[in-house]
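This report is meant for a reader who is meeting the structure for the first time. Please look through the sequence and the model before reading on.

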Amino acid sequence: IVIRPLAHASVQIDFGGRSIYIDPWTGAKLDGAPTSNLIIVTDADSGAHHLDPAALKIVRGAGSTVVMPASGTAKVTDGVVLDNGKSRTFGDVTVEAVAAYDITPGDPFHAKGVANGYVLTLGGKRVYFAGVTECVPEIKALRNIDVAFLPMNLPHGRMTPSAVAECVRSFRPAVVYPYHY
């Protein structure tokens, strides 16, 4: 498993002879990037840095699957919707949707049920991508996470470094990467 943070919330995982993308974004300079048969989208409402149709055209291979929350169906009509709390296996990768939302009111506000974080299980390892969220109970309940990507300083004023540190202590991933900062 090779994990490559690309830009902001965009990450590439090389596993089993292929590339998997999380929130591919044209701001990550994807020209020449390998195509993928599995693409994961965390949020459709927080701007193109999560669901970027132009980036999908670059990295989406023929017959590929785009896993996303229901909020993305207007932009990707053939995506596979995975609701909070649901899981599905795509080849040798299991994808679990974890609720991603804000608890603290403020602008912008991300409501429960609109976006997902995801736990990907591949090669016996569990990798978590939080997306845009505060440290909600669904995150605190996670266990056996090998690598976690958590937003830092976004949402604004909510996922401060101390809030992220507290969140990490609640579910104790082996490795943590701040992203979406």
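## A buried asparagine

A polar contact is a pair of N or O atoms within 3.5 Å, where, within protein, one must be able to donate a hydrogen and the other to accept it. In this predicted model, the side chain of N116 makes such a contact with the side chain of N84 at 2.5 Å, and a polar contact also joins the side chains of N116 and Y118 at 2.9 Å.

N116 belongs to strand β9, which covers residues 115-122, and N116 counts as buried because its relative accessible area is 1%, while the cut-off for buried is under 20%. Leaving aside residues up to four places away in sequence, N116 touches a set of residues that includes T42, M68, P69, L82, D83 and N84, as well as A97, V98, A100 and A130.

## The sheet around it

Strand β9 is part of an open sheet of 6 strands, whose order is β7-β8-β9-β10-β11-β12 and whose pairing is mixed. The edges are formed by β7 (87-90) and β12 (175-179), each of which has a single partner strand, so one side of each is left without a neighbour in the sheet. On average, and with direction ignored, neighbouring strands of this sheet are turned by 20° against each other.

## Salt bridges

The count of salt bridges comes to 7. One of them joins R60 and D78, with the closest N and O atoms 3.0 Å apart; R60 lies in strand β5 (residues 60-68) and D78 in the loop between β5 and β6 (80-81), so the pair ties together parts that are 18 residues apart in sequence. R60 counts as partly exposed at 25% relative accessibility, and D78 likewise counts as partly exposed, at 48%.

Another salt bridge is formed by the side chains of R158 and D102, at 3.3 Å from N to O, and this pair links the loop between β11 and α3, which holds R158, to the loop between β8 and β9, which holds D102, 56 residues apart. Both R158 and D102 are buried. R158 also forms a salt bridge with E134, the closest N and O atoms being 3.9 Å apart, and E134 lies in the loop between β10 and α2 (137-140), 24 residues apart from R158. E134 is buried as well, with a relative accessible area of 9%, and through shared partners the salt bridges join D102, E134 and R158 into one network.

Methods. Residues are numbered from 1 along each chain as its sequence is written. This is a predicted model: local features need pLDDT of at least 70, side-chain atom pairs count only at pLDDT 80 or more; totals for chains, interfaces and linings use all residues. Side-chain values use heavy atoms; hydrogens and water are left out. Helices (H or I, at least four residues) and strands (E, at least two) are DSSP runs, numbered from the N terminus. Buried means under 20% relative accessible area, exposed over 50%, partly exposed in between (1.4 Å probe, protein chains only). Contact means heavy atoms within 4.5 Å. Two strands pair if DSSP finds at least two bridges between them. Axes are lines fitted to C-alpha atoms, for helices over the stretch in contact, and angles run from 0 to 180 degrees between N-to-C directions. A salt bridge is a side-chain nitrogen of Lys or Arg within 4 Å of a carboxyl oxygen of Asp or Glu.
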